[in-house]
Amino acid sequence: MLRGVGVLRRLTEAGGTLSPSALERATGLARSTVDRITATLARMGYVRLDGRDVVLTPRVMELGNAYLAALRLPSLLDAHADALADELDESVSLAVADLDGIRFIHQATRRRAMSVSFRIGDLLPAERTAPGPLFATEWTEADWARWRTRRAADPADASFPAVPAHHPSVADSTEACADTFAERVERARRDGWALDDQLIEPGLVAVSVPVRDPVSGRLACVANVVSHTSRHSAADLRGTLLPRLRTAVTAMESALRTTPAPEPGPPPCGLATWTTASKHQLGRGFVESLARGLTVLTAFGEGRSALPLTEVARATGLSRATARRALLTLEHLDLVAPAPDRTFSPTPRVLDLGFPPFSRTTLPRLAEPHLHSLAARVHESTALAVLTGQGTEIQYTAGAGASRVLTVRITVGTRLPAAATSLGRVLLADTASPLPRDLAEVRARGYALVDEELDSGLRSIAVPVRDRTGRAVAALHIATHAARRTLDDCVQDLLPELRRTADDIQTDLHTASRFTHVPLF
């Protein structure tokens with residue numbers, strides 16, 4: 001399991017894609033070991049083997065989703081953070097402590113030419129952030145010793161992949177901010193808030209206020225407003241943004257205090273059976289200990305934030321002995337933490353396992369691998385589209401072509417009348433009732449078939465792609481020439497493949513959008 005987690009971390013640090021040979025170099029593992037691990041991760045749906053590359057897939061986010069659901073803070077506080085970002089027109093984040101660093105669990109980022117690029121799951125050194133001094137007010141002597149050891153071993157912060165490459169001015173001030181960190185901690189303890197005046201990057205300033213747990217009074221998380229010196233100086237943050245940040249934090253603490261505890265959600269089922277079957281099928285190519293260890297992480301979730309060994313074994317179907325070994329290994333990796341009541345909880349470090357590369361993904365990026373796979377299977381062109389704001393046109397957002405002399409090629413960004421396309425009709429059929437008869441029929445069938453209405457010889461069939469609420473947010477189609485496929489062929493041969501692909505895209509969308517915003521284009 002240790003080696004498999006190492007592979008996932010190296011893939012995450014590389015942005016989600018590495019070749020097997022690059023993984024060899026990054027991990028120091030033998031090529032045969034890398035191949036077994038990646039084959040296991042592919043079997044679990046966490047990576048895909050794309051030609052010569054190993055590529056993370058959105059499904060790996062279910063590990064981070066399990067942590068965030070167990071933590072519960074994002075679901076309770078993200079609306080407050082988003083509202084504050086809208087009010088201030090600045091980026092707002094929520095962060096939690098991760099050993100001697102801070103890790104983001106929510107980001108409400110402004111869309112500007114120059115905006116904050118940190119992602120959910122990114123880890124930063126405590127001493128170079130505004131939240132860091134606030135968390136350090138609760139550090140024990142052992143925590144300070146860990147911090148000093150890390151600073152001595154890694155003065156350039158190379159162990160923090162999300163930290164920008166050192167600008168000369170930052171490099172000069174890094175040691176200084178470490179030297180004054182204890183003073184900043186005492187100031188944060190006295191003031192109840194903290195500033196970051198260009199500690200992480202020139203021009204970047206931030207102000208933070210703690211959000212406290214209503215029961216223990218300890219820090220649950222920190223709310224952080226980030227700006228640029230062209231908009232606010234560090235001094236401006238105190239007078240302009242801090243009062244409104246404190247008001248938002250009061251509302252956040254009220255939400256923590258008044259929201260009842262959730263009922264435990266259903267645990268995953270059949271996981272042990274699946275891993276055993278996979279081992280029998282793939283033999284030595286399947287690393288069962290890795291699959292079981294990652295499976296244990298998915299046992300946590302909403303209402304299941306702390307589980308005893310017996311509950312972990314019950315939720316996963318593993319024996320107590322196997323579950324215990326997995327938990328001890330995960331504890332060694334700092335992925336779960338034990339409590340005095342003999343329960344275990346997932347830690348923020350779970351977000352290291354593939355989450356950041358997808359925390360700012362878009363629907364077209366999620367769909368593209370599936371579109372190419374579909375086009376290769378049916379040997380026809382495929383595309384994804386959304387309705388424009390007025391609802392009268394569709395806009396193509398992604399596509400994949402077929403290797404044919406006569407093929408359909410429509411450029412991404414192209415707009416067409418919604419009523420004249422299968423893509424548009426599927427989306428219009430999901431609008432409010434009452435519907436015209438033709439759209440009502442499309443809604444009832446679940447697909448739209450258009451025959452040479454947009455262009456002579458062009459025949460297309462489309463199905464909706466739905467978000468977590470069941471709303472059709474996009475449509476997927478296959479386009480062909482009338483000489484190649486009859487209308488019956490489209491329904492009998494193409495529609496099943498189309499629906500299968502739409503289901504795959506929806507699965508990725510639902511996983512990716514559980515705790516992140518996924519733009520439609």
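This is a predicted model: local features need pLDDT of at least 70, side-chain atom pairs count only at pLDDT 80 or more; totals for chains, interfaces and linings use all residues.
We can begin with the protein as a whole. Its secondary structure comes to 18 helices and 18 strands. The radius of gyration is 25 Å, close to the 24 Å that the globule rule gives for 521 residues, so the protein is as compact as a globular protein of that length. Along the principal axes, the C-alpha atoms fill a box of roughly 75 × 55 × 50 Å. Of the 521 residues, 52% are buried. Among contacts with a separation of 6 or more, 63% are between residues 24 or more positions apart.

Strands of a sheet pair through backbone hydrogen bonds, either parallel or antiparallel. In this sheet the order is E15-E14-E13-E18-E17-E16, and the pairing is antiparallel. Strand E15 (415-417) and strand E16 (448-451) form the edges, each pairing on one side only. Neighbouring strands are turned by 30° against each other on average, direction ignored. Within the sheet, strand E17 (residues 458-466) and strand E18 (residues 472-481) run antiparallel and are joined by nine bridges. Val 465 can be followed across this pairing, as its bridge partner in E18 is Ala 474.

In soluble globular proteins, nonpolar side chains tend to be buried together. The largest nonpolar core of this model has 114 residues, and the members that touch the most others are Leu 41, Leu 77, Leu 294, Leu 384 and Leu 476. Helix H10 gives the largest share of this core, with ten residues. Leu 384 shows what such a position looks like. Leaving aside residues up to four places away in sequence, the contacts of Leu 384 include Leu 363, Pro 364, Ala 367 and Leu 371, along with Gln 395, Tyr 396, Thr 397 and Ala 398. Leu 384 also touches Val 465, Ala 474, Ala 475 and Leu 476. Val 465 and Ala 474 are the bridge partners met above, and Leu 476 is itself among the core members that touch the most others. A second, separate core has 20 residues, including Ile 102, Ala 130, Phe 135 and Leu 219.

In one of them, Glu 90 pairs with Arg 231, with the closest N and O atoms 2.9 Å apart. Glu 90 sits in the loop between helix H5 (73-88) and strand E4 (91-98), while Arg 231 is in the loop between strand E9 (219-228) and helix H10 (234-258), so the pair ties together parts that are 141 residues apart in sequence. Glu 90 is buried, with a relative accessible area of 1%, whereas Arg 231 counts as partly exposed at 37% relative accessibility.

A further salt bridge joins Arg 484 to Glu 380, the closest N and O atoms being 2.7 Å apart. This pair also links distant parts of the chain: Arg 484 lies in the loop between E18 and H18, and Glu 380 in the loop between helix H15 (363-378) and strand E13 (381-387), 104 residues apart. Arg 484 is partly exposed, with a relative accessible area of 27%, but Glu 380 is buried, with a relative accessible area of 1%. Some salt bridges share partners, and in this way Asp 100, Glu 127, Arg 128, Arg 150, Arg 151 and Asp 157 are joined into one network.

Finally, Glu 311 forms a salt bridge with Arg 304, with 3.3 Å between the closest N and O atoms. In this pair, both Glu 311 and Arg 304 are buried.

Conventions. Residues are numbered from 1 along each chain as its sequence is written. Side-chain values use heavy atoms; hydrogens and water are left out. Two strands pair if DSSP finds at least two bridges between them. Helices (H or I, at least four residues) and strands (E, at least two) are DSSP runs, numbered from the N terminus. Axes are lines fitted to C-alpha atoms, for helices over the stretch in contact, and angles run from 0 to 180 degrees between N-to-C directions. A salt bridge is a side-chain nitrogen of Lys or Arg within 4 Å of a carboxyl oxygen of Asp or Glu. Buried means under 20% relative accessible area, exposed over 50%, partly exposed in between (1.4 Å probe, protein chains only). A nonpolar core is a set of buried Ala, Val, Leu, Ile, Met, Phe, Trp, Tyr and Cys residues joined through side-chain atoms within 4.5 Å. Contact means heavy atoms within 4.5 Å. The radius of gyration is taken over C-alpha atoms; the globule rule is 2.2 Å times the number of residues to the power 0.38.
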